[in-house]
Amino acid sequence: MAADIVLMAAAQGVRLFLTAGKLSFKALKGGLSAELRSLIAAHRDDIISYLQQQEGELPVITKAAPQHELPLSYAQQRLWLLSQIDGGSEHYTIPAALSLSGELDVMALERAFDEVVARHESLRTCFVAGEHEPVVQKIQPHGSFAVRHIDISTEEAQQQRIAQLSAQMQAEPFDLSRDLMVRVWLVKQSATAHVLLVLMHHIAADGWSLGVLMREFSVLYRGYSQHEQVALEPLAVQYSDYACWQRQWFGSEVMERQLAYWEQQLAGLPQLHNLPLDFSRPAEQQFRGEHHRSYLTAEDSGALQQLCHEQGATLFMGLHAAVSVLLSRWSNETDIVMGSPVANREQSEIGGLIGFFVNTVVLRSEVAAHHSFRQQLQQSKQRLLGAYSHQQVPFEQVVERLRPQRSLSYSPLYQVMLSFGDMTESLPSLPGLQVATQTDHYRVAKTDLSVHISQGPQGLVVDWLYNTGLWRESSIRRMAAGFSVLLGALVRRPDEEVLRLPVLDDAALALLRQWNQTAQPYPQQQSVPGLVFACARQQ
């Protein structure tokens, strides 16, 4: 169990380690969920014993030797290639928007972002042709980072204007050969109201990195605005050191064993899901998405968490099992495939770096007719633990090893994404300012369907991000309603066969009954052969 918990924690970006024989952890603010915290507390002694046995086995990332050409990581290489194909699409960016209410120290804000860019070489890295490789990293020396200022204080429709600016910021392509990999726009609404727009290119950052940026910006702004000395902890390594380590480690026997695992686990993988679509799949994948939010009751959410606890599983394992059953019922398939993001920051030295570390693991489930939900949950537990223990293999290398049939109309290996996280956002704490998340004005669907589940105050919250070129909103609403019905049945009747449990809400059942009311009056005195003969004579 101790090994399982360490793997679960690593998958959520929480690094467990020993300090003078005591258990410690490293994670971003809010990264350690209450569920994981209680699990660690219940097995603390076992985890310490396990880590004592494992000390020294995890690969340590150190400063790379000076090189004439710095290689890209495997994830960067894929993203660079995709960017060359479609001309720098905005699909590969990470946006954030914050509203700032109060007295803003603009000079402190500029200095804070300038210092963040100076600290993280990944934000100053561009990608150019090499002598021996098609593309290499080139780290630009730090000059001064410029925040773009936009004043809309005299305009009336400010929210509409902010939405336009947000879309404009994301639509302007990055020139990977010379641009900085981050943009910051400060939009002034009034003397005491601003909107901060931040955009990073995915080749230099991931979702975890956004948290790092906001945390460091918060510390630096507070110090500069109060005229204090600010000293952030020095970075042990930079992203280029990680890229060099990854290239060296990939050639090792360890990586080959991990690749062999994925080759066996994903053998014979379905090429494409069979979920019913509203529109024909286009010849080339479109990324325009829309969002629908649904809620699971506190009673069902609590019952699922209790069931997972009894089975020695995490809540995400239970949700994976439940969503697998839903997709099976909706598609009439038993081989269910989903992608799931993992932070991929197992080594403590990269926990505080801005960089493209996030990896995607492919989760495969068999939803058999005879499976109960308890059995489905145990299967999900084993599959996820196996995936977590092999998460260092870059997704790009898994694709290359499996060589699936490629198509421009859908992504390889999986087209449905499942993720789980705390709904509480880690917003920067800035003196004299109230900070809130600005409404998201732009949505990109990188897969056919993404299901993100989070803990809300009244139960689990499910966000469905779907490709509008494939589905109407009404279809996603029906799927979301069906998930609520199914989950309630799964947690109340966990020992029944999952394929026999209800998956339609009352509205859908009423519609189904209406469609099946096909009875018509007919002459009772005639035999069936006589009725057939009479119909034939009328033709």
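User: In this model, which side chain does Asp-463 meet in a salt bridge?

Analyst: The general idea first: side chains of opposite charge can pair when their charged atoms come close. In this predicted model, the side chain of Asp-463 forms a salt bridge with that of Arg-293, at 2.7 Å from N to O.

User: Where do Asp-463 and Arg-293 lie?

Analyst: Asp-463 belongs to strand S15 (residues 459-467) and Arg-293 to strand S9 (residues 289-295), so their pairing ties together parts 170 residues apart in sequence.

User: Thanks! And is Asp-463 buried or exposed?

Analyst: Asp-463 has a relative accessibility of 11%, so Asp-463 counts as buried, the cut-off being under 20%.

User: Which residue forms a salt bridge with Arg-492?

Analyst: That would be Glu-299, with the closest N and O atoms 3.6 Å apart. Here the pair links helices: Arg-492 sits in helix H14 (residues 473-492) and Glu-299 in helix H10 (residues 298-310), so parts 193 residues apart in sequence are tied together. Arg-492 is partly exposed at 48% relative accessibility, while Glu-299 is exposed at 57%.

User: What about Glu-496 and Arg-493: how do their side chains meet?

Analyst: They meet in a salt bridge too, at 3.1 Å from N to O. Glu-496 is partly exposed, with 34% relative accessibility, and Arg-493 is partly exposed, at 34%.

User: Which residues do salt bridges with shared partners join into one network?

Analyst: Glu-256, Glu-263 and Arg-401 are joined that way.

User: And how many salt bridges does the count come to?

Analyst: The count comes to 18 salt bridges, including the Asp-463 and Arg-293 pair we began with.

Conventions:
Residues are numbered from 1 along each chain as its sequence is written. This is a predicted model: local features need pLDDT of at least 70, side-chain atom pairs count only at pLDDT 80 or more; totals for chains, interfaces and linings use all residues. Side-chain values use heavy atoms; hydrogens and water are left out. A salt bridge is a side-chain nitrogen of Lys or Arg within 4 Å of a carboxyl oxygen of Asp or Glu. Helices (H or I, at least four residues) and strands (E, at least two) are DSSP runs, numbered from the N terminus. Buried means under 20% relative accessible area, exposed over 50%, partly exposed in between (1.4 Å probe, protein chains only).
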